[in-house]
Amino acid sequence: MCTYKSYCWSLGTTSFRTADFNLKIEKQLLLLSEFWQKHPYGRWASNEPIQALYYDFMKESRFLSGDAPNKPKDAREKTSGLINLGLINDERRLTHAGESLLHIAASGNFQSNNLLQIPSDSYIYFKQMLKTSCAVEKTPVRPFVVLILALEELEYLTQEEFTYLLPLIISPKKYRDIIESIKQLRKGDTTIDEIIIHTLLSMENYHEALRFLLERPVSESVICEAGINRKSRQYDGAYYLLYQAIKDLNKDDPQSLLNLLSACRKIRIGIQWSNYLFKTTSKTRISRLLSLALNDVPVLNCKNEDELKIRFFHLMHLFKAKANLFDYSDLNRRYFATTDTVLFKDNQIKLASVPKCFFKLCIDNLRELAFTASENLPLDCGIEQIIPRYNISENDLFDKLASDYGITVQSLSDVEKFLDDERHKRFNKLIDDQFPNHVLLELLSDFETRNDDNIRSLVTNNADIPTIFEYIVGIIWYKVSNRQGRILDYLNLSLDADLLPKTHAAGGIEDITYHYDASPYYPEHSLLIELTLADGNNQRRMEMEPVSRHLGEFLLRDENQKAYALFVTPYLHLNVVSDFRGRKQMPYYSGDGEHCINSMKIIPLQTAELKTILEHSITYNTLYPLFEKAYLSDEMPKTWYEKNILAYLQNTQTTPRLPL
């Protein structure tokens, strides 16, 4: 009997594939911590009642919605990915590493305090990923280490190489084979498909399955056996119909061609077969074009049945493997992205600059780890306990950065400046490539209608929608300000290595803090930008107090600084406008009552007007005096916005106004 054997590694399970990956992990650590405080003596293993209780707890906490038909199974799946990372154990109790990550997430302090200059939560993930291994046919492989080794040798991976070839590295021999195959691929001497087929046929079970097929008359049971389906042989029954449709094909008979198309569609991954065999999948066109509707592929031109069996076998397992590898690719990427050391841009996967230099210094040590398991996975241990003979100093890294990037590095501040300059250059390129004005306008409309799926597709699926709203408004305001200032310092939210949002801003501060130097159009000042997607009474309840509090506390920290707040939302509530206008005369006191701010300037702005600003290239040189005039107006709140913001914006020209 032909036996299934794994040919690749994968991180986690597809049941754990989720948007807001980092945030969901950290939220679930908090939920598990709270759950076990309520059920201190509960046991998870084989205890479906406690698993069902945890599902209900997740639902009560609004972590999930709906009603799972099998609550214990859903609870197990929702937590499985945290086990892979070593953040919880099999009993779903937090490990030392999980406790450390939860502490960082709860504090909201993600500042870098490590040699790689990555956020503190990312550093936990980084160390966990270095330790994380998968058992492939009882042989351990550390996927992140394999990725690092491949990037060090190849400089980059294309998206296709990352998806279809990297996970095939499951042993030292496979490492050399796949790396050499990628080099040949880049020369044009082979293809992705040929590499996959060669890799599969290097395994004895695939040789055995092919022999089984060649030695017997084809039947449904023979095809199912040769398919060596991982779950059940019966899942491959539809392949017998496809085999027969290819064998019996009459290229000049429309019904025969349609039978072939129908057989493709009966297979779960039939789209791969139909695209491979047909130029068009339109039944009308196939019936009219006949043989011209087919692609000229070897499997449709076999000289005998043995050749057909071989070619069919190759394609059956090639398409299965590619579907499986593609299915896991996104999840693998999510795991690697948690480390903030890998860049996924422009169809290429690369290491970020500082991690790249770091790994070059210890690459030989890492080779020893690639196909081993770590006993330290549950621990939040130091890097020296993960990488053997670790002895990299700050100066070693400084010297490597200086030699590789041609910069002068004498202290950590030089590294920070280099990274900051590099990130700002990449961020400006990201804005140009991914967020031209027409995309920003589309996104603003999507926020108004809450077209969340399109928002995620245009930006990222690793952040919640309110966080993405902050990020996009930050980009828009950067453009409005003629890209003045260090925008990445102004955004009070976490960004991943690709400079896309990944978590919400830490509570207690404004969303965006923009600083302006004095110019002919305005004095030196700060602008606090607050944002919300809430509307109606929710907006009034959630935003009136925090906006004024953030501005008040900001001004109290330094009574000599000039600052005001901009409140951006898709839909303004009248009482919110009224409250903000009242702050013009209303004092704001410090906690001890010893200090007071006598007047606060808060300007509300709807996204509709933000679109007008963007569409007509209205700059901050024009907006500052407009906002100042609106602030000084004595118009009643009910008509204030329409007469002082909306009307002025509609009449504003694109040329800057004269300075105040």
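This is a predicted model: local features need pLDDT of at least 70, side-chain atom pairs count only at pLDDT 80 or more; totals for chains, interfaces and linings use all residues.
Student: Which helices do the buried residues of H9 pack against?
Tutor: Helix H9 covers residues 192–201, and it is largely enclosed by the rest of the structure because seven of its 10 residues are buried. Among these buried residues are Ile 192, Ile 195, Thr 199 and Leu 201. The helices against which the buried residues of H9 pack are H7 (159–165), H8 (172–187), H10 (204–214) and H16 (305–337).

Student: Is Asp 74, which forms a salt bridge with Lys 78, buried or exposed?
Tutor: In this salt bridge between Lys 78 and Asp 74 the closest N and O atoms are 3.2 Å apart, and both residues lie in helix H3, four residues apart, or about one turn of the helix. Lys 78 has a relative accessible area of 25% and is therefore partly exposed. For Asp 74 the relative accessible area is 16%, and since buried means under 20%, this residue counts as buried.

Student: How many residues apart in sequence are the parts that the pair Asp 421 and Arg 486 ties together?
Tutor: Asp 421 and Arg 486 form a salt bridge whose closest N and O atoms are 2.9 Å apart. Asp 421 belongs to helix H19 (residues 412–434), whereas Arg 486 sits in the loop between helix H22 (465–480) and helix H23 (487–490), so the parts that the pair ties together are separated in sequence by 65 residues.

Student: Which residues does Ser 353 touch, not counting residues up to four places away in sequence?
Tutor: Ser 353 lies in helix H17, which covers residues 353–367, and with a relative accessible area of 6% this serine is buried. Leaving aside residues up to four places away in sequence, the residues that Ser 353 touches are Leu 401, Tyr 405, Phe 418, Leu 419 and Glu 422.

Student: Which residues form a positive surface patch with Lys 73?
Tutor: Lys 73 is placed in helix H3 (residues 71–84), and its relative accessible area of 42% makes this lysine partly exposed. The residues that form the positive surface patch together with Lys 73 are Arg 230, Lys 231 and Arg 268.

How values were computed
Residues are numbered from 1 along each chain as its sequence is written. Side-chain values use heavy atoms; hydrogens and water are left out. Patches are made of residues with over 30% relative accessible area and no salt bridge: like charges are joined within 9 Å, nonpolar side chains (Val, Leu, Ile, Met, Phe, Trp, Tyr) within 5 Å. Accessible areas come from the Shrake-Rupley method with a 1.4 Å probe; for residues, only the protein chains shown count as cover. A salt bridge is a side-chain nitrogen of Lys or Arg within 4 Å of a carboxyl oxygen of Asp or Glu. Lys and Arg count as positive and Asp and Glu as negative; His and the chain ends are not counted. The place of a charge is taken as NZ of Lys, CZ of Arg, CG of Asp or CD of Glu. Helices (H or I, at least four residues) and strands (E, at least two) are DSSP runs, numbered from the N terminus. Buried means under 20% relative accessible area, exposed over 50%, partly exposed in between (1.4 Å probe, protein chains only). Contact means heavy atoms within 4.5 Å.
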